Amino acid sequence: VAFGIRIFVIYLNQNYFNFPDSFGDARNFEFKANELSKNGFLGAINQYPGLSSYFISWFIALFYSVFGQSELMAQSISLFFGMIVIYLGCIVAEKLWNTSIALKVGWFLALFPTLILYSCLVLREVYVCFFLLVVINGLIDWLQNKNIKSFIIITLSFIAGAHFHGPIIIGLIIFIF
């Protein structure tokens, strides 16, 4: 259901009308990705922006440099992360509560309009949600087991998430303390 709704939204956005937020930042990120990809894969790698709002453009430029520019491909990458957000949300809910609540959380995430929109556009929000859910999943494992694997997953997820939205690094600092 979630996948079908998102595919339908992408189709409508591509062919009939622009959804809210599908211009502005979404267009700028996609345009920047196209510019970064013009010198091929190695050229794109060499333009790594670090912790920047345009990290998403660089990430998509890596795909563009290999497969060619396609806004639909960029939206599909966001769609992929959006679908994983639903799955991770269910996993976290099941670890915290039970399967019944996890299913309700899954339906909520699948049908929540903002998540639908942002998992269909070239925007950073779905990537931030993905890494935050990986962090929360790791924190639950850390609190239960205190193993080094969970610590590494949490740390790497905070760092990766900070590439899409810098202030997430504050979470890592708090976690380490």
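The model is predicted: local features need pLDDT of at least 70, side-chain atom pairs count only at pLDDT 80 or more, and totals for chains, interfaces and linings use all residues. Residues are numbered from 1 along each chain as its sequence is written, and side-chain values use heavy atoms, with hydrogens and water left out.

**Helix packing**

Helices (H or I, at least four residues) are DSSP runs numbered from the N terminus. Axes are lines fitted to C-alpha atoms over the stretch in contact, and angles run from 0 to 180 degrees between N-to-C directions.

| Helix pair | Angle | Axis separation |
|---|---|---|
| Helix 5 (residues 71-96) and helix 8 (residues 125-145) | about 25° | 9 Å |
| Helix 2 (residues 25-37) and helix 4 (residues 55-67) | about 50° | 7 Å |
| Helix 5 and helix 6 (residues 99-111) | about 155° | 8 Å |

Angles under 35 degrees count as roughly parallel, over 145 as roughly antiparallel, 65 to 115 as roughly perpendicular and the rest as oblique. A crossing is left-handed if the near helix is turned anticlockwise from the far one by less than a right angle, and right-handed if clockwise. Contact means heavy atoms within 4.5 Å. In sorting contact residues, Ala, Val, Leu, Ile, Met, Phe, Trp, Tyr, Cys and Pro count as nonpolar, Asp, Glu, Lys and Arg as charged, and the others, Gly among them, as polar.

With an angle of about 25°, helix 5 is roughly parallel to helix 8. Their crossing is left-handed. Helix 5 contributes residues including F81, V85, L88 and V92, and helix 8 contributes residues including F130, L133 and I140. This contact comprises 16 nonpolar, four polar and two charged residues.

Helix 5 also packs against helix 6, at about 155°, and the two are therefore roughly antiparallel. Here the crossing is right-handed. On the helix 5 side the contact involves V85, I86, G89, C90, A93 and E94, while helix 6 supplies T99, I101, A102, V105, G106, L109 and A110. Nine of these residues are nonpolar, three polar and one charged.

Helix 2 and helix 4 meet at about 50°, which makes helix 2 oblique to helix 4. The crossing of this pair is right-handed. Among the residues in contact are F29, A33 and L36 of helix 2 and W58, I60 and Y64 of helix 4. The division is eight nonpolar, five polar and two charged.

**Cysteines**

The whole structure contains zero disulfides (pairs of cysteine sulfur atoms within 2.5 Å). For C90, the closest cysteine sulfur is in C129, at 14 Å, too far for a bond. For C120, the closest is also that of C129, at 13 Å, again too far. C120 has a relative accessible area of 2% and is buried; buried means under 20%, exposed over 50% and partly exposed in between, using a 1.4 Å probe and protein chains only.

I10 lies in helix 1 (residues 2-15) and is buried, at 5% relative accessibility. Leaving aside neighbours within four places in sequence, I10 contacts L72, Q75, L79 and C120. Its C-alpha atom is 22 Å from that of F164, 154 residues apart along the chain.

F55 belongs to helix 4 and is buried at 9% relative accessibility. The C-alpha atoms of F55 and S100, 45 residues apart along the chain, are separated by 37 Å.
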